[in-house]
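Please consult the sequence and the model while reading.

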Amino acid sequence: QWLVAGGDAAKFAALARPLAFFATGALLASLLRPALAPPLRLPGLRGGFGDTIWSSSYIEESDVQPQPSLATLAARKRVLLRQRSRIHQSRTAVPGASVPRATKEGAPRSWEPSEASGFQLRGALYLVDKKKYASGPALYEPFGLDILRCQARVFDLPGRAILPPPTTEEKALPGWCPRILTQTMYFPGTPPPLVGPNRDTGDGPPGWQVVCWWRASPLLCELLQKPKTEWPPHLKLWREYVEGAETASVLNGSLKGVGSVANIHQENIGLPRLLHQFNAKPVLMAAAAPPWGGDRQGVVHVSRNEDYLEFGLDVGADFAATSNHALFRLLPKLPRLVMDIAWIVEGRAPESL
(Lines give C-alpha, C1' and ligand atoms only; values in the text may rest on other atoms or scores of the structure.)
Protein backbone atom coordinates (compact mmCIF):
# COMPACT_ATOMS: atom_id res chain seq x y z
CA GLN A 1 0.00 0.00 0.00
CA TRP A 2 1.05 3.57 -0.69
CA LEU A 3 0.74 6.32 1.90
CA VAL A 4 1.01 9.95 0.77
CA ALA A 5 1.70 12.35 3.62
CA GLY A 6 3.58 15.52 4.42
CA GLY A 7 5.56 17.04 1.51
CA ASP A 8 4.74 14.08 -0.79
CA ALA A 9 1.08 15.11 -0.99
CA ALA A 10 1.92 18.37 -2.79
CA LYS A 11 4.17 16.55 -5.26
CA PHE A 12 1.48 13.97 -5.96
CA ALA A 13 -1.14 16.65 -6.52
CA ALA A 14 1.14 18.50 -8.95
CA LEU A 15 1.66 15.28 -10.90
CA ALA A 16 -1.95 14.16 -10.90
CA ARG A 17 -3.48 17.52 -11.93
CA PRO A 18 -2.29 17.53 -15.61
CA LEU A 19 -3.13 13.82 -15.97
CA ALA A 20 -6.64 14.51 -14.72
CA PHE A 21 -7.04 17.40 -17.19
CA PHE A 22 -5.80 15.22 -20.06
CA ALA A 23 -8.15 12.34 -19.18
CA THR A 24 -11.10 14.72 -18.90
CA GLY A 25 -10.28 16.31 -22.25
CA ALA A 26 -9.95 12.92 -23.94
CA LEU A 27 -13.30 11.82 -22.54
CA LEU A 28 -15.06 14.94 -23.81
CA ALA A 29 -13.43 14.60 -27.25
CA SER A 30 -14.57 10.98 -27.58
CA LEU A 31 -18.14 11.99 -26.74
CA LEU A 32 -18.32 15.04 -28.98
CA ARG A 33 -16.29 14.09 -32.07
CA PRO A 34 -18.04 12.35 -35.00
CA ALA A 35 -17.19 8.87 -36.17
CA LEU A 36 -13.65 8.46 -37.40
CA ALA A 37 -13.44 9.58 -41.02
CA PRO A 38 -12.07 7.34 -43.77
CA PRO A 39 -8.35 7.63 -44.48
CA LEU A 40 -6.82 10.16 -46.84
CA ARG A 41 -4.60 9.14 -49.71
CA LEU A 42 -0.94 10.13 -49.64
CA PRO A 43 0.44 10.82 -53.13
CA GLY A 44 3.96 9.75 -52.18
CA LEU A 45 3.31 6.05 -51.46
CA ARG A 46 1.48 3.26 -53.26
CA GLY A 47 -0.12 0.25 -51.65
CA GLY A 48 -0.10 -1.20 -48.15
CA PHE A 49 -0.82 0.51 -44.87
CA GLY A 50 1.58 3.34 -45.74
CA ASP A 51 -0.90 4.39 -48.41
CA THR A 52 -3.23 5.85 -45.79
CA ILE A 53 -3.23 8.21 -42.81
CA TRP A 54 -5.85 8.64 -40.12
CA SER A 55 -7.61 11.97 -40.02
CA SER A 56 -10.96 13.29 -38.87
CA SER A 57 -10.72 16.89 -40.03
CA TYR A 58 -11.03 16.67 -43.81
CA ILE A 59 -14.01 14.49 -44.59
CA GLU A 60 -14.49 16.18 -47.95
CA GLU A 61 -11.09 14.86 -49.11
CA SER A 62 -11.60 11.27 -47.97
CA ASP A 63 -11.65 8.22 -50.25
CA VAL A 64 -15.32 7.45 -49.61
CA GLN A 65 -17.43 10.07 -51.31
CA PRO A 66 -21.12 10.59 -50.50
CA GLN A 67 -23.49 8.79 -52.84
CA PRO A 68 -25.02 11.17 -55.42
CA SER A 69 -28.75 11.70 -55.40
CA LEU A 70 -31.06 10.20 -57.99
CA ALA A 71 -31.52 13.64 -59.58
CA THR A 72 -27.76 14.03 -59.92
CA LEU A 73 -27.42 10.58 -61.47
CA ALA A 74 -30.23 11.34 -63.92
CA ALA A 75 -28.59 14.62 -64.94
CA ARG A 76 -25.25 12.87 -65.47
CA LYS A 77 -26.94 10.23 -67.60
CA ARG A 78 -28.59 12.87 -69.81
CA VAL A 79 -25.26 14.60 -70.38
CA LEU A 80 -23.57 11.29 -71.14
CA LEU A 81 -26.27 10.28 -73.62
CA ARG A 82 -25.90 13.62 -75.45
CA GLN A 83 -22.14 13.08 -75.67
CA ARG A 84 -22.63 9.55 -76.93
CA SER A 85 -25.15 10.65 -79.55
CA ARG A 86 -22.54 13.00 -81.03
CA ILE A 87 -19.96 10.20 -81.04
CA HIS A 88 -22.37 7.72 -82.63
CA GLN A 89 -22.77 9.98 -85.67
CA SER A 90 -19.11 9.42 -86.60
CA ARG A 91 -18.68 5.70 -85.94
CA THR A 92 -15.93 4.20 -88.07
CA ALA A 93 -14.21 1.44 -86.05
CA VAL A 94 -15.06 -2.20 -86.73
CA PRO A 95 -14.78 -4.60 -83.75
CA GLY A 96 -12.18 -7.30 -84.23
CA ALA A 97 -10.40 -5.61 -87.15
CA SER A 98 -6.91 -5.68 -85.57
CA VAL A 99 -6.64 -9.36 -84.48
CA PRO A 100 -8.00 -12.11 -86.77
CA ARG A 101 -9.98 -15.10 -85.66
CA ALA A 102 -7.99 -18.34 -85.94
CA THR A 103 -8.57 -20.28 -89.14
CA LYS A 104 -7.17 -23.40 -87.48
CA GLU A 105 -6.77 -24.41 -83.85
CA GLY A 106 -3.68 -22.97 -82.18
CA ALA A 107 -2.85 -20.46 -84.94
CA PRO A 108 -0.42 -17.80 -83.60
CA ARG A 109 -1.41 -14.15 -83.10
CA SER A 110 -5.11 -14.93 -83.33
CA TRP A 111 -8.09 -15.71 -81.12
CA GLU A 112 -10.68 -18.46 -80.97
CA PRO A 113 -13.59 -19.31 -78.63
CA SER A 114 -12.77 -21.48 -75.63
CA GLU A 115 -14.97 -23.88 -73.70
CA ALA A 116 -16.55 -22.43 -70.55
CA SER A 117 -16.26 -25.85 -68.91
CA GLY A 118 -12.51 -25.30 -68.66
CA PHE A 119 -13.08 -22.87 -65.77
CA GLN A 120 -13.94 -23.88 -62.20
CA LEU A 121 -16.76 -21.90 -60.55
CA ARG A 122 -18.48 -21.95 -57.18
CA GLY A 123 -21.04 -24.68 -56.68
CA ALA A 124 -24.51 -24.28 -55.20
CA LEU A 125 -23.21 -25.19 -51.70
CA TYR A 126 -19.89 -23.34 -51.95
CA LEU A 127 -20.55 -21.27 -48.83
CA VAL A 128 -20.73 -24.57 -46.90
CA ASP A 129 -18.36 -27.03 -48.60
CA LYS A 130 -16.06 -24.60 -50.54
CA LYS A 131 -16.23 -26.81 -53.63
CA LYS A 132 -15.97 -25.63 -57.23
CA TYR A 133 -17.17 -27.35 -60.38
CA ALA A 134 -16.79 -27.00 -64.13
CA SER A 135 -18.72 -24.02 -65.49
CA GLY A 136 -21.88 -24.41 -67.47
CA PRO A 137 -22.33 -22.77 -70.91
CA ALA A 138 -21.47 -19.06 -71.11
CA LEU A 139 -24.20 -16.44 -71.48
CA TYR A 140 -22.18 -14.51 -74.09
CA GLU A 141 -20.06 -15.69 -77.01
CA PRO A 142 -17.02 -13.82 -78.43
CA PHE A 143 -16.98 -12.26 -81.87
CA GLY A 144 -13.87 -10.06 -81.88
CA LEU A 145 -10.58 -9.07 -80.27
CA ASP A 146 -8.57 -5.88 -80.68
CA ILE A 147 -5.19 -4.78 -79.38
CA LEU A 148 -4.73 -1.03 -79.77
CA ARG A 149 -1.76 1.28 -79.17
CA CYS A 150 -2.83 4.52 -77.53
CA GLN A 151 -1.33 7.27 -75.39
CA ALA A 152 -4.05 7.07 -72.74
CA ARG A 153 -7.02 4.89 -71.92
CA VAL A 154 -10.13 5.18 -74.10
CA PHE A 155 -13.38 3.91 -72.64
CA ASP A 156 -16.89 3.57 -74.11
CA LEU A 157 -15.48 1.96 -77.25
CA PRO A 158 -18.79 0.35 -78.30
CA GLY A 159 -20.15 3.88 -78.72
CA ARG A 160 -17.38 4.56 -81.24
CA ALA A 161 -17.68 1.31 -83.21
CA ILE A 162 -19.97 -0.09 -85.90
CA LEU A 163 -21.66 -2.87 -83.97
CA PRO A 164 -23.08 -5.95 -85.75
CA PRO A 165 -26.81 -5.77 -86.42
CA PRO A 166 -29.05 -7.63 -83.95
CA THR A 167 -30.36 -11.04 -84.81
CA THR A 168 -34.04 -11.93 -84.53
CA GLU A 169 -33.42 -13.51 -81.12
CA GLU A 170 -31.44 -10.49 -79.88
CA LYS A 171 -34.23 -8.11 -80.81
CA ALA A 172 -36.41 -9.84 -78.22
CA LEU A 173 -33.98 -9.19 -75.34
CA PRO A 174 -35.43 -7.18 -72.44
CA GLY A 175 -34.28 -3.61 -71.95
CA TRP A 176 -32.04 -4.35 -68.98
CA CYS A 177 -29.99 -7.01 -70.80
CA PRO A 178 -27.11 -5.72 -72.97
CA ARG A 179 -26.83 -7.32 -76.39
CA ILE A 180 -23.13 -6.48 -76.74
CA LEU A 181 -20.62 -6.97 -73.94
CA THR A 182 -17.17 -5.36 -74.13
CA GLN A 183 -14.12 -5.66 -71.90
CA THR A 184 -11.50 -2.91 -72.19
CA MET A 185 -8.19 -3.16 -70.31
CA TYR A 186 -5.52 -0.47 -70.64
CA PHE A 187 -1.85 -1.22 -69.91
CA PRO A 188 0.37 1.87 -69.59
CA GLY A 189 3.57 2.13 -71.64
CA THR A 190 5.62 2.19 -68.43
CA PRO A 191 4.55 0.83 -65.04
CA PRO A 192 3.87 3.35 -62.26
CA PRO A 193 6.66 3.95 -59.73
CA LEU A 194 6.65 1.94 -56.54
CA VAL A 195 7.24 5.14 -54.55
CA GLY A 196 6.19 8.63 -55.50
CA PRO A 197 3.32 10.12 -57.52
CA ASN A 198 2.16 8.57 -60.77
CA ARG A 199 3.75 9.85 -63.95
CA ASP A 200 1.68 11.69 -66.51
CA THR A 201 0.82 9.12 -69.18
CA GLY A 202 1.06 11.82 -71.83
CA ASP A 203 4.80 12.13 -71.21
CA GLY A 204 5.64 8.42 -71.56
CA PRO A 205 5.48 5.91 -74.39
CA PRO A 206 2.08 4.76 -75.68
CA GLY A 207 0.35 1.95 -73.88
CA TRP A 208 -1.69 -1.03 -75.03
CA GLN A 209 -5.44 -1.43 -74.83
CA VAL A 210 -6.90 -4.94 -75.05
CA VAL A 211 -10.54 -5.01 -76.14
CA CYS A 212 -12.67 -8.18 -76.15
CA TRP A 213 -16.11 -8.26 -77.78
CA TRP A 214 -19.01 -10.59 -76.95
CA ARG A 215 -22.64 -10.78 -77.98
CA ALA A 216 -25.64 -12.49 -76.40
CA SER A 217 -25.59 -16.24 -76.97
CA PRO A 218 -28.62 -18.20 -78.20
CA LEU A 219 -28.74 -19.78 -74.73
CA LEU A 220 -29.13 -16.36 -73.07
CA CYS A 221 -31.88 -15.37 -75.51
CA GLU A 222 -33.68 -18.65 -74.79
CA LEU A 223 -33.41 -18.32 -71.01
CA LEU A 224 -34.82 -14.80 -71.07
CA GLN A 225 -37.98 -16.04 -72.81
CA LYS A 226 -38.87 -17.99 -69.67
CA PRO A 227 -40.68 -16.55 -66.63
CA LYS A 228 -38.40 -14.99 -63.99
CA THR A 229 -39.33 -17.75 -61.56
CA GLU A 230 -37.61 -20.24 -63.88
CA TRP A 231 -34.39 -18.27 -64.33
CA PRO A 232 -31.21 -19.99 -63.10
CA PRO A 233 -29.36 -18.26 -60.22
CA HIS A 234 -26.51 -17.00 -62.42
CA LEU A 235 -28.94 -15.18 -64.71
CA LYS A 236 -30.53 -13.40 -61.74
CA LEU A 237 -27.03 -12.48 -60.54
CA TRP A 238 -26.14 -11.10 -63.98
CA ARG A 239 -29.21 -8.86 -63.99
CA GLU A 240 -28.32 -7.57 -60.51
CA TYR A 241 -24.81 -6.71 -61.68
CA VAL A 242 -25.93 -5.03 -64.91
CA GLU A 243 -28.45 -2.83 -63.14
CA GLY A 244 -26.29 -1.87 -60.15
CA ALA A 245 -22.60 -2.02 -61.06
CA GLU A 246 -22.54 1.55 -62.36
CA THR A 247 -23.49 3.08 -58.99
CA ALA A 248 -22.94 0.42 -56.27
CA SER A 249 -19.18 0.27 -55.66
CA VAL A 250 -19.20 -2.99 -53.68
CA LEU A 251 -21.31 -4.75 -56.33
CA ASN A 252 -19.02 -3.22 -58.95
CA GLY A 253 -16.10 -5.04 -57.32
CA SER A 254 -17.71 -8.48 -57.61
CA LEU A 255 -16.43 -8.82 -61.18
CA LYS A 256 -13.65 -11.41 -61.47
CA GLY A 257 -11.12 -12.06 -64.19
CA VAL A 258 -9.66 -15.52 -64.77
CA GLY A 259 -6.59 -16.06 -66.94
CA SER A 260 -5.35 -19.59 -67.60
CA VAL A 261 -2.03 -20.04 -69.45
CA ALA A 262 -1.97 -23.50 -71.03
CA ASN A 263 1.78 -23.52 -71.76
CA ILE A 264 2.87 -21.96 -68.47
CA HIS A 265 5.42 -24.74 -67.85
CA GLN A 266 6.95 -24.52 -71.31
CA GLU A 267 10.71 -24.03 -71.24
CA ASN A 268 12.44 -20.79 -72.28
CA ILE A 269 9.44 -18.57 -71.54
CA GLY A 270 10.44 -17.34 -68.10
CA LEU A 271 7.09 -16.12 -66.79
CA PRO A 272 6.94 -13.98 -63.61
CA ARG A 273 6.35 -15.83 -60.35
CA LEU A 274 3.17 -13.80 -59.85
CA LEU A 275 1.64 -15.39 -62.95
CA HIS A 276 2.40 -18.90 -61.65
CA GLN A 277 0.75 -17.96 -58.36
CA PHE A 278 -2.50 -16.70 -59.89
CA ASN A 279 -2.70 -18.91 -63.00
CA ALA A 280 -6.30 -20.13 -63.55
CA LYS A 281 -7.39 -18.42 -60.32
CA PRO A 282 -10.12 -15.73 -60.27
CA VAL A 283 -9.01 -12.24 -59.27
CA LEU A 284 -11.47 -9.62 -58.02
CA MET A 285 -11.47 -6.32 -59.88
CA ALA A 286 -11.57 -4.39 -56.62
CA ALA A 287 -9.27 -2.28 -54.49
CA ALA A 288 -7.54 -3.85 -51.50
CA ALA A 289 -9.59 -4.11 -48.32
CA PRO A 290 -8.93 -1.28 -45.84
CA PRO A 291 -6.64 -2.28 -42.93
CA TRP A 292 -9.42 -1.44 -40.45
CA GLY A 293 -11.86 -3.79 -42.20
CA GLY A 294 -14.76 -3.24 -44.56
CA ASP A 295 -15.88 -4.15 -48.08
CA ARG A 296 -13.61 -3.94 -51.10
CA GLN A 297 -14.61 -1.17 -53.51
CA GLY A 298 -14.79 -1.95 -57.23
CA VAL A 299 -12.45 -0.35 -59.78
CA VAL A 300 -14.48 -1.20 -62.91
CA HIS A 301 -15.37 1.73 -65.19
CA VAL A 302 -18.86 0.91 -66.50
CA SER A 303 -20.18 2.40 -69.75
CA ARG A 304 -23.81 1.51 -70.38
CA ASN A 305 -26.21 2.08 -73.23
CA GLU A 306 -29.44 0.45 -74.30
CA ASP A 307 -27.54 -1.88 -76.64
CA TYR A 308 -24.26 -2.59 -74.85
CA LEU A 309 -22.31 -2.68 -71.60
CA GLU A 310 -18.58 -2.07 -71.34
CA PHE A 311 -16.47 -2.75 -68.26
CA GLY A 312 -13.16 -0.90 -68.47
CA LEU A 313 -10.02 -1.34 -66.38
CA ASP A 314 -6.99 0.94 -66.14
CA VAL A 315 -4.16 -1.32 -64.99
CA GLY A 316 -1.81 1.58 -64.22
CA ALA A 317 -4.29 3.46 -62.05
CA ASP A 318 -6.41 0.68 -60.53
CA PHE A 319 -3.95 -2.17 -59.94
CA ALA A 320 -1.22 -2.41 -57.31
CA ALA A 321 2.24 -1.22 -58.34
CA THR A 322 3.76 -4.69 -57.87
CA SER A 323 1.12 -6.21 -60.17
CA ASN A 324 1.84 -3.49 -62.74
CA HIS A 325 5.53 -4.34 -62.84
CA ALA A 326 4.83 -8.08 -63.15
CA LEU A 327 2.36 -7.51 -66.02
CA PHE A 328 4.78 -5.11 -67.72
CA ARG A 329 7.49 -7.80 -67.75
CA LEU A 330 4.90 -10.19 -69.19
CA LEU A 331 4.02 -8.04 -72.24
CA PRO A 332 6.96 -9.12 -74.49
CA LYS A 333 6.08 -12.77 -73.82
CA LEU A 334 2.36 -12.49 -74.65
CA PRO A 335 2.72 -13.55 -78.35
CA ARG A 336 4.12 -16.90 -77.18
CA LEU A 337 1.38 -17.68 -74.66
CA VAL A 338 -1.73 -19.79 -75.16
CA MET A 339 -4.30 -18.23 -72.86
CA ASP A 340 -7.94 -18.80 -71.95
CA ILE A 341 -9.64 -15.75 -70.43
CA ALA A 342 -13.02 -15.55 -68.71
CA TRP A 343 -14.95 -12.85 -66.85
CA ILE A 344 -17.42 -13.85 -64.16
CA VAL A 345 -19.52 -12.21 -61.45
CA GLU A 346 -18.87 -13.55 -57.96
CA GLY A 347 -21.89 -15.05 -56.22
CA ARG A 348 -21.85 -14.11 -52.54
CA ALA A 349 -25.22 -15.41 -51.37
CA PRO A 350 -26.83 -18.89 -51.52
CA GLU A 351 -29.50 -17.68 -53.95
CA SER A 352 -26.79 -16.50 -56.37
CA LEU A 353 -24.96 -19.85 -56.61
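Q: What covers the buried residues of helix 10?
A: The cover includes helix 8 (273–278) and helix 9 (315–318). The buried residues of helix 10, which spans residues 321–330, are A321, N324, A326 and L330.

Q: What kind of model is this, and how is its confidence described?
A: This is a predicted model. The mean pLDDT of the protein chain is 80, and 77% of its residues reach 70 or more. Confidence is lowest in strand 2 (residues 52–53), with a mean of 35, and highest in helix 5 (residues 218–223), at 96. Over residues 34–64 the pLDDT is below 50, although this stretch has 50 contacts in the model beyond near neighbours in sequence.

Q: Why is S135 called buried?
A: A residue counts as buried when its relative accessible area is under 20%. The value for S135 is 17%, so S135 is buried. S135 lies in the loop between strand 4 (132–134) and strand 5 (140–150). Leaving aside residues up to four places away in sequence, S135 touches A116, S117, F119 and L121.

Q: What makes up the largest nonpolar core, and which residues have the most contacts inside it?
A: The largest nonpolar core has 38 residues, and Y140 and W238 have the most contacts inside it. Among the elements that give two or more residues to this core are strand 5, strand 6 (180–187), strand 7 (207–216) and helix 6 (233–244). Helix 6 provides the largest share, five residues. Beyond residues up to four places away in sequence, the contacts of Y140 include L181, W214, L220 and W238.

Q: What makes the pair of W176 and W231 tilted?
A: Planes under 30 degrees apart count as stacked and those over 60 as edge-to-face, with the rest called tilted. The planes of W176 and W231 are at 50°, and the centres are 6.1 Å apart; the pair is tilted. This pair links distant parts of the chain, as W176 and W231 are 55 residues apart. Both W176 and W231 are buried.

Q: Why is the pair of W238 and Y241 called stacked?
A: The ring centres of W238 and Y241 are 6.3 Å apart and the planes are at 15°, so the pair is stacked. Because W238 and Y241 are three residues apart in helix 6, about one helical turn separates them. W238 and Y241 are both buried. Ring pairs link Y140, W238 and Y241 into a cluster.

Q: How do you know that the charged end of R149 sits over the ring of W208?
A: The distance criterion is within 6 Å of the ring centre. The charged end of R149 is 4.0 Å from the centre of the W208 ring, and it sits over that ring.

Q: Why do strand 9 (283–284) and strand 12 stand at the edges of their sheet?
A: The sheet is open, with three strands in the order 9-8-12 and antiparallel pairing. Strand 9 and strand 12 each have a single partner strand, so one side of each is left without a neighbour in the sheet.

Q: What joins strand 8 (residues 255–261) to strand 9?
A: Two bridges join these antiparallel strands. At least two bridges are required for a pair. K256 stands opposite L284 in strand 9.

Key. Residues numbered from 1 in each chain as written. Predicted model: local features only at pLDDT ≥ 70, side-chain atom pairs only at ≥ 80, totals over all residues. Heavy atoms only, no water. pLDDT = per-residue confidence, 0-100. Helix = DSSP H or I, 4+ residues; strand = E, 2+ residues; numbered from the N terminus. Contact = heavy atoms within 4.5 Å. Buried < 20%, exposed > 50% of the residue type's maximum accessible area, 1.4 Å probe, protein only. Core = buried A, V, L, I, M, F, W, Y, C linked by side-chain atoms within 4.5 Å. Phe/Tyr/Trp six-rings, centres within 6.5 Å; stacked < 30°, edge-to-face > 60°. Lys NZ or Arg CZ within 6 Å of the ring centre and 35° of its normal.
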